[in-house]
Amino acid sequence: MDFEFWDAYNANLEKTGTYLIRGREIEKGLYHLVAEVIVMHTDGSFLAMRRDKNKPTYPSHWEISAGGAVLKDETPLQGAIRELREETGIVCNEMEKLYTITYENSHSIHIGYICKGDFDKEAITLQKGETSEYRWVEHEKVLDFIHYHHYVTTQAHRILPYLVNMLDDSKKNLRRLIGCVVKVKVDRPIGTVHPNHPDICYPINYGYVENILAPDGEEQDAYIIGVKKPIDSFMGRIAAVVKRNDDVENKWVVAPFGLDFTKSEIREMIDFQEKYFDIEIIA
């Protein structure tokens with residue numbers, strides 16, 4: 001029997017010096033890496049791949065990506081390059097990193113990339129047992145494709161924040177962000193005084209989502225609710241989007257998994273700063 005070996009990582013993405021075997025139980029505190037690649041053509045379309053009907057999870061479902069487990073002694077980028085080549089036939093060595101998302105239950109850390117190029121659209125190859133079909137989805141139709149097709153839900157929750165950012169911030173698209181998973185880097189923890197307005201003190205943690213640029217040219221800002229102590233970073237779900245009608249940027253509201261908040265509760269928690277703007281809470 002052939003075994004597939006993975007390096008074991010801790011929650012800080014550091015190798016532990018041990019290894020894991022696919023299909024074997026993983027100890028608490030250990031993780032394996034999964035690399036995912038979004039393929040975007042220079043004409044703006046995205047490559048969608050359909051999972052084989054015999055896959056144990058999400059059979060015959062679609063994904064706007066190629067990917068899989070990073071093998072022992074591979075870097076995440078090397079794993080992404082290999083998986084993309086195996087599943088699509090595309091050779092792309094230059095990729096932009098988008099996200100790092102950790103799942104405690106599956107002991108996995110998903111690292112997402114995007115690969116852009118003038119690829120031969122007719123030269124895509126399928127990997128037996130992994131993929132059964134492909135199609136190129138037009139730029140303006142990709143969000144509807146994810147919403148209306150049999151799509152891998154967990155993967156949609158990882159990539160939608162980046163796809164919406166590439167498209168537009170209409171209310172329809174902003175609503176699609178609800179439930180998506182993001183990692184927030186906190187630069188204004190609880191108790192911080194606003195750098196430009198000393199009368200504003202942050203009662204909740206506040207930060208930004210890396211690699212997503214807001215209309216003001218800075219990375220996407222996010223409030224963190226449901227956490228009562230200062231933190232450095234946070235991974236959770238988008239519970240709401242604060243649409244500012246009198247400003248160029250919107251704010252995301254990120255909450256722990258399993259915690260729900262009403263619009264009134266959210267408004268109360270962010271009012272210390274949002275009371276100065278004409279806002280609408282999309283949830």
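How many helices and strands does the protein have? There are 5 helices and 15 strands, taken as DSSP runs numbered from the N terminus (helices are H or I with at least four residues, strands are E with at least two). The radius of gyration is 20 Å, close to the 19 Å that the globule rule gives for 283 residues, so the protein is as compact as a globular protein of that length. That radius is taken over C-alpha atoms, and the rule is 2.2 Å times the number of residues to the power 0.38.

A word on the model itself. It is a predicted model, where local features need pLDDT of at least 70 and side-chain atom pairs count only at pLDDT 80 or more, while totals for chains, interfaces and linings use all residues. Residues are numbered from 1 along each chain as its sequence is written, and side-chain values use heavy atoms, with hydrogens and water left out.

On to the overall picture. The C-alpha trace spans about 65 × 45 × 30 Å along its principal axes. Among contacts (heavy atoms within 4.5 Å) between residues at least 6 apart in sequence, 59% join residues at least 24 apart.

Now the cysteines. The count comes to 1 disulfide, a disulfide being a pair of cysteine sulfur atoms within 2.5 Å. Cys-92 and Cys-115 form the link, at 2.1 Å from S to S, and with 120 degrees about the S-S bond it is right-handed. The pair ties together distant parts of the chain, 23 residues apart: Cys-92 lies in the loop between α1 (76-88) and β7 (96-103), and Cys-115 in strand β8 (residues 108-117). Both Cys-92 and Cys-115 are buried. Cys-180 also counts as buried, because its relative accessibility is 0%, whereas Cys-201, at 41%, counts as partly exposed.

Met-235 sits in strand β13 (residues 233-244). Leaving out residues up to four places away in sequence, Met-235 touches Thr-100, Ile-101, Thr-102, Val-181, Val-182, Lys-183 and Phe-257. Pro-256 is 21 residues from Met-235 in sequence, with 7.5 Å between their C-alpha atoms.

Key:
Buried < 20%, exposed > 50% of the residue type's maximum accessible area, 1.4 Å probe, protein only.
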